[in-house]
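Dear colleague,

Please find below the structure that I am handing over to you. My notes on it follow directly after.

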Amino acid sequence: MRNFHPIFAVLAALPMTATLTTAHAEDAQPPPSSASISTGALADKAPPVAPSFAGPVQGDAEWSSPGRDSALTRYSTLGDINVSNVKNLRNVFTFSMGVNRGQEAAPLVVGNTLYVVSPYPNTLYALDLTQPGAPLKWRYDPPQDEAAQGVACCDVVNRGATYSDGKLYFNTLDGSTVAVDAATGKEAWRTKLATIQMGETMTMAPLVAKDKVIVGNSGGELGVRGWAIALDKNTGKVVWKAYSTGPDKEVLIGPDFKPHYAQYKGSDLGVGTWPADMWKQGGGTVWGWVSYDPDLNLVYYGTSNPGPWNSSMRPGDNLWTAGIFARDADTGEARWFYQFSPHDMSDYDGVNENILIDLPSASGAARKALVHPDRNGHIYVIDRVTGELLSAEPFHHITSTKGVDLKSGRLVYNEEKQPQPNKFVKDICPAPPGAKDWQPAAFSHKTGHLFLPHNNLCMDLKETEVGYIAGTPYVGAEVLMKAGPGGYRGAFTAWDISAGKALWSIKERFPVWSGALVTDGDVAFYGTMDGWFKAVNANTGEPLWQFKTSSGIIGQPTTWRGPDNKQYIGILSGVGGWSGAIVAGDLDARDGTAALGFVNAMKDLPSVTTKGGTLYVFALP
Amino acid sequence: MSSRFPSLIAICLVVGTAATPVAAREMRVCADPNNLPFSKQDGSGFENKIADIIAQELGATVTYTWFAQRRGFLRNTLNAGVCDVVIGYPRNYQILRSTRPYYRSSYVFVQRADEKPIAGYDDPALRQMQIGVQLIGDDGANTPPVAALAKRGMTANVHGFPVYGDYRTAAPLAPIVDAVSKGTIDVAVVWGPTAGYFAKHEDTPLKLTPILFDSTLLSQPMTFDIAVGVRKTELALSDEIDRALRNRRADINAVLQSYGVPRTDTPNPAPASVVGSMP
């Protein structure tokens with residue numbers, strides 16, 4: 001089935017229920033870039049395939065890490081639930097997460113137990129799937145510093161736990177990584193890594209690479225310096241720590257560092273691409289996804305925007321922010337780096353998922369690559385051995401940049417749309433949360449297509465207003481985010497990686513802030529911020545089923561085979577995160593600049609959803 | 001100590017007289033527990049002293065809700081209804097009702113006392129100096145001095161200090177002024193009250209030169225009026241506090257002076273005849 005290419009780009013939305021008014025599939029044209037420097041370098045190639053290490057483990061009965069495998073494909077070979085019967089999906093049990101804040105975690109299943117972690121206070125729950133109603137087996141409540149809540153920039157979310165060899169690993173908002181015995185719920189170790197008094201928190205989901213747990217910090221908003229850390233998974237001891245800015249020895253750049261492009265070659269560029277010592281507060285936090293190739297023994301992760309967000313005091317490329325590192329999993333030594341947004345001016349963090357894929361070649365061995373949908377609006381395909389850019393295609397309406405020069409690897413900025421003091425700019429697209437924020441895409445092993453939950457947001461920088469923080473007055477630009485062209489704020493899009501274009505796209509009223517899941521049953525799942533959990537035909541975008549949960553959905557759908565041998569689908573409901581802060585944080589809709597201007601684009605969210613925190617699990621009758 | 005950032009639930013710490021009768025009036029102040037010279041949980045900030053003065057006039061006892069003054073401060077304190085007054089905020093801050101301002105200050109150049117004073121952002125000497133500025137995080141904004149320096153292309157010799165500082169220390173805002181005293185930088189561009197207070201406490205004598213405006217960047221003011229803030233709807237409370245500020249102007253001026261706050265307004269008490277004859 002690998003050569004299966006859906007050719008139906010156009011489809012009529014099936015009339016489903018009266019409430020399905022804001023979402024409809026339609027002509028899927030990739031949004032035009034104002035100038036097309038990037039080209040479809042992969043055009044006319046066979047579709048990409050999943051690498052061998054991303055194959056099913058135990059027939060995909062389990063789902064043991066948020067990305068399902070270390071390639072982060074979020075694909076299941078289970079096909080019991082398929083395009084013909086998904087319409088019969090029923091909710092079989094629910095579980096209250098005990099806290100009504102943004103629920104971004106992925107429910108995990110290992111053996112006969114479901115594990116899920118809540119937002120702050122980051123309670124880890126274990127549910128017994130062998131019993132009717134999946135009763136609570138144990139819970140683990142990590143000790144936490146309450147102050148962490150006041151430090152987190154964008155709601156008190158947690159993006160999930162991960163499982164390996166009898167233990168669950170997750171991060172606490174106040175900056176510890178913990179290991180918990182999966183059978184007993186007892187803490188195995190806990191290592192304090194981040195300092196909330198300096199503005200650091202931890203929200204990302206760890207990834208286990210062999211015997212190491214890879215984690216990173218959050219807090220680019222507060223002038224922290226980003227880092228990734230590898231912990232020994234048995235003891236919790238720090239094995240290596242790699243900063244994202246500063247001298248080479250602290251970034252772990254040594255003789256093995258062989259980047260593809262000239263701008264990354266030289267010594268101490270993590271200092272030299274910044275004025276004075278600005279790199280010390282330079283951001284580049286590691287709050288997104290980590291992937292791992294066991295054959296190359298390389299981990300891949302993105303770094304956040306440089307700090308401070310306002311760029312005028314940090315001329316230069318601000319390495320190693322807003323880009324991707326490939327590092328040796330054992331030593332942390334950098335192998336290559338690629339920067340999506342040099343000298344970022346628009347909060348385009350580079351932390352989105354790097355999904356590892358192989359590109360078949362007619363002439364011989366497949367090319368090992370990765371695909372990365374970036375906040376700056378481009379989908380990048382990069383050689384994961386060398387760091388060479390293979391293609392960069394726009395998937396969002398873009399005005400802030402003019403494309404990516406494939407020869408130099410550099411993003412070309414549109415100077416007219418850059419924020420500057422004394423200058424009021426309209427229609428900067430994408431807005432700071434980007435064309436796509438943290439919400440992870442899924443990659444179908446079957447068709448080689450990418451399933452992208454994303455945004456359609458632009459912003460205006462308007463007149464200045466007085467700000468005041470820590471006893472210090474200032475005047476800032478008023479950031480107002482708004483829907484992009486078409487008037488909708490989010491979409492769920494199937495993307496043909498080889499052709500560099502959308503196959504179909506479903507418009508949604510709000511940003512699609514949930515993760516995606518795609519299965520061998522040709523069904524793709526995602527959730528909406530107004531609370532619908534949806535299943536669509538992965539090949540056509542045809543809506544097949546939907547279920548209204550109690551709150552908006554920003555979680556990650558997962559699937560597994562239960563002890564009764566049936567396939568199940570799980571999702572957390574509970575709106576929040578940066579986009580949903582207006583509901584989860586009770587922000588004032590009249591203050592459009594709240595949540596860094598996101599509230600302006602989300603004023604109607606409180607009229608369609610309230611706070612929540614519930615796990616929903618579905619199965620066929 | 002984890003109580004540095006007490007939660008909203010655990011924060012109502014009564015300061016002042018104990019065990020007052022049920023009918024006694026409370027002035028519920030929202031404040032940062034660790035933000036000298038402005039406020040501190042032990043009452044040592046100048047805003048703590050001013051709160052006491054206003055409360056005296058109101059016949060009230062001060063109670064505090066402590067919360068770090070960062071993004072979400074007003075949302076989680078004043079506008080959550082758990083306290084009613086913030087002692088110092090820029091006038092006309094959009095989500096507050098401001099009283100009349102009770103002082104006006106400016107950004108200042110802080111130098112060692114024996115150095116030639118900086119005349120302004122266009123002083124050629126500035127280009128030869130190591131300059132310290134405070135950086136705001138991810139709010140898409142800079143302090144006005146940062147904008148003024150960046151506009152002149154002065155970035156290579158500029159050192160950043162996070163405006164939040166290290167909250168574990170006794171005075172998170174102190175390091176930028178300390179750096180001038182120690183000679184790690186030559187000049188710092190700091191908001192007046194912060195500069196004035198820490199300069200008084202340094203071993204090395206320091207001098208402050210006020211910056212009134214940058215004629216090339218008028219959108220970025222260097223001076224700000226500071227007022228007491230209440231919720232937008234609290235007209236009566238704001239009027240009461242206005243009267244208290246006017247009646248106790250001399251005492252408040254004395255507090256500001258004792259903390260070394262550089263003023264760009266005229267701190268003389270208003271003549272009594274003016275009070276009450278306002279239209």
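A:Val518 lies opposite A:Ala524, a residue of strand 33 of chain A. Strands here are DSSP runs (E, at least two residues), helices are H or I runs of at least four, and both are numbered from the N terminus; two strands pair if DSSP finds at least two bridges between them. The model is predicted: local features need pLDDT of at least 70 and side-chain atom pairs count only at pLDDT 80 or more, while totals for chains, interfaces and linings use all residues. Residues are numbered from 1 along each chain as its sequence is written, and chains are lettered from A and ligands numbered from 1 in the order in which they are written.

Strand 32 (residues 517-519) of chain A pairs with strand 33 of chain A in the antiparallel sense over 2 bridges. These two strands form a hairpin with 3 residues between them, and A:Asp522 in the turn has a positive phi of about 60 degrees. Strand 33 of chain A is also joined by 5 bridges to strand 34 (residues 532-537) of chain A, again running antiparallel. Within that pairing, A:Phe525 has A:Ala535 as its bridge partner. The hairpin of strand 33 and strand 34 of chain A has 4 residues between the strands, and A:Gly531 takes a positive phi near 105 degrees there.

Strand 33 (residues 523-527) of chain A is mostly covered, with 5 of its 5 residues buried (20 or more other C-beta atoms within 10 Å of a residue's own; exposed means 12 or fewer, partly exposed in between, with C-beta atoms placed from the backbone). On one side of strand 33 of chain A are A:Val523, A:Phe525 and A:Gly527, and on the other are A:Ala524 and A:Tyr526.

Neighbours within four places in sequence aside, A:Ala524 is in contact (C-beta atoms, placed from the backbone, within 7 Å) with residues including A:Ala442, A:Phe451 and A:Val536.

**Contacts of chain B**

In chain B, 10 residues of domain 1 are in contact with 9 residues of domain 2. The contact between the two chains takes 52 residues from chain B and 46 residues from chain A. Strand 6 (86-90), strand 9 (131-135), helix 3 (144-151) and strand 10 (158-162) of chain B are the elements that give two or more residues to the side touching chain A.

**Elsewhere in chain A**

An open antiparallel sheet of 4 strands has the order 12-13-14-15 in chain A. Strand 12 (207-209) and strand 15 (238-243) of chain A each have a single partner strand, so one side of each is left without a neighbour in the sheet. Strand 12 and strand 13 (residues 212-216) of chain A pair over 3 bridges, and A:Val208 has A:Val213 as its bridge partner.

A:Asp588 lies in the loop between helix 4 (581-584) and strand 38 (614-619) of chain A. A:Asp588 counts as partly exposed because 13 C-beta neighbours lie inside 10 Å.

With kind regards
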